[in-house]
Amino acid sequence: MKKVLLLLLAMMFSGQAFADEIFSTLFRFKGVAPMSNDLYNESCGECHYAYQAGLLPKVSWEKLMLVDELEDHFGEVADLDEEDRIELLNLLVDNAADTSFYKRSMKISRSIPDGVTLLRITEVPYIKRKHKPMTDKYVKNNPKVKSLINCNACHRQIDKGIFDDDTILIPNYGYWSELDDD
Ligand code: HEC
Ligand code: HEC
């Protein structure tokens, strides 16, 4: 009797894993939604990577895109025409992490405590946890990376919204999946 129960349990679990795999392969909902808006890529990709909307929740984008905030955007001026600001604000809010069905977006959104408004992706608990192995040698002291904000230095398929391990190539070190610190 016990054996039958165990077998049933095993089938249920592998069935779930199998269903998850089919789900993510079929729909490619594993990462974050890619963004192909030219205005966004030009305006917000000038000084750093044009981060996908699905990397931060709605409240974060609403705050980041306020006129006053854009005028003092991490010490820089990132001002926009009012028309463009509204268009980009809507684009970001409509595709934010907490409105997305993509797996990484859901993980990002769930990891942020209620009532907290983060302005940095690099301060999202899920993102911080995932990058614990990214010590100074890979980031700060790596002249081709310098800062964790340069996502695309390592995530070579980030434009497609893909973050899988086998797409991470750290400059001067190689594929993350082949490094010993993994
Ligand atoms: C004039 C240059 C400039 C422009 C244009 C600009 N940014 Fe930034 N952005 C910065 C700087 C500088 C930082 C902080 C970098 C650092 O911490 O080293 C930053 C940081 C950020 C961060 C936080 C990154 C992190 O996780 O630490 C987000 C999110 C962001 N910008 C979004 C945007 C969006 C959206 C736009 C378009 C409306 C935009 N930026 C346009 C200069 C710019
Ligand atoms: C120095 C290289 C580097 C930079 C820069 C970097 N990452 Fe990563 N990232 C990694 C590595 C390595 C991992 C995998 C860590 C592990 O779990 O073993 C990772 C994991 C992730 C994951 C989880 C993927 C998964 O399959 O679980 C996400 C999402 C992610 N990074 C997003 C970002 C974003 C967004 C940025 C920019 C704000 C960024 N990363 C910057 C190296 C980097």
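Student: How many residues surround ligand 1, and which are the closest?

Tutor: Good place to start! Keep in mind that this is a predicted model. Ligand 1 is surrounded by 21 residues, and the closest are Cys44, Cys47, His48, His73 and Arg120.

Student: What does the side chain of His48 do with a nitrogen atom of ligand 1?

Tutor: An N or O atom in the His48 side chain sits 2.8 Å from a nitrogen atom of ligand 1. For His73, an N or O atom of the side chain is also 2.8 Å from a nitrogen atom of this ligand.

Student: And which residue has a polar backbone atom 2.7 Å from an oxygen atom of ligand 1?

Tutor: That one is Ile121, whose backbone provides the polar atom. As for whole elements, helix H2 (38–44) and helix H3 (58–64) are the ones that give two or more residues to the shell around ligand 1.

Student: Which of the elements gives the most to that shell?

Tutor: H2 does, with three residues.

Student: OK, on to the other ligand. Which residues come nearest to ligand 2?

Tutor: His131, Cys151, Cys154, His155 and Trp176 come nearest, out of 21 residues around ligand 2.

Student: Which polar side-chain atom lies 2.7 Å from a nitrogen atom of ligand 2?

Tutor: It belongs to His155. The side chain of His131 has an N or O atom 2.8 Å from a nitrogen atom of ligand 2. Trp176 has a polar side-chain atom 2.9 Å from an oxygen atom of the ligand.

Student: Which helices each supply at least two residues of the shell around ligand 2?

Tutor: Those are helix H7 (125–130) and helix H8 (151–154). H7 gives the most, with three residues.

Student: Let's switch to charge. Which residues gather in the patch of positive charge on the surface?

Tutor: You can look for Lys103, Lys107, Arg110, Lys128, Arg129, Lys130 and Lys132. Helix H6 (103–111) and H7 are the elements that give two or more residues to this positive patch.

Student: Where is Lys107 placed?

Tutor: Lys107 is in helix H6.

Student: And what makes up the negative patch?

Tutor: Asp68, Glu71, Asp72, Asp79, Asp81, Glu83 and Glu87 gather there on the surface. Helix H4 (67–71) and helix H5 (82–94) each supply at least two of the patch residues. Asp72 is found in the loop between H4 and H5.

Student: How many salt bridges does the structure hold?

Tutor: Two. In one of them, the side chains of Lys30 and Asp164 meet, at 3.6 Å from N to O.

Conventions
Residues numbered from 1 in each chain as written. Chains lettered and ligands numbered in written order. Predicted model: local features only at pLDDT ≥ 70, side-chain atom pairs only at ≥ 80, totals over all residues. Heavy atoms only, no water. Patch = residues over 30% accessible without salt bridge, like charges linked within 9 Å, V, L, I, M, F, W, Y side chains within 5 Å. Areas by Shrake-Rupley, 256 points an atom, 1.4 Å probe, with all protein chains shown as cover. Salt bridge = Lys/Arg side-chain N within 4 Å of Asp/Glu carboxyl O. Lys, Arg positive; Asp, Glu negative; His and termini not counted. Charge placed at Lys NZ, Arg CZ, Asp CG, Glu CD. Helix = DSSP H or I, 4+ residues; strand = E, 2+ residues; numbered from the N terminus. Near = heavy atom within 4 Å. Polar contact = N/O pair within 3.5 Å; in protein donor to acceptor, adjacent residues only side chain to side chain.
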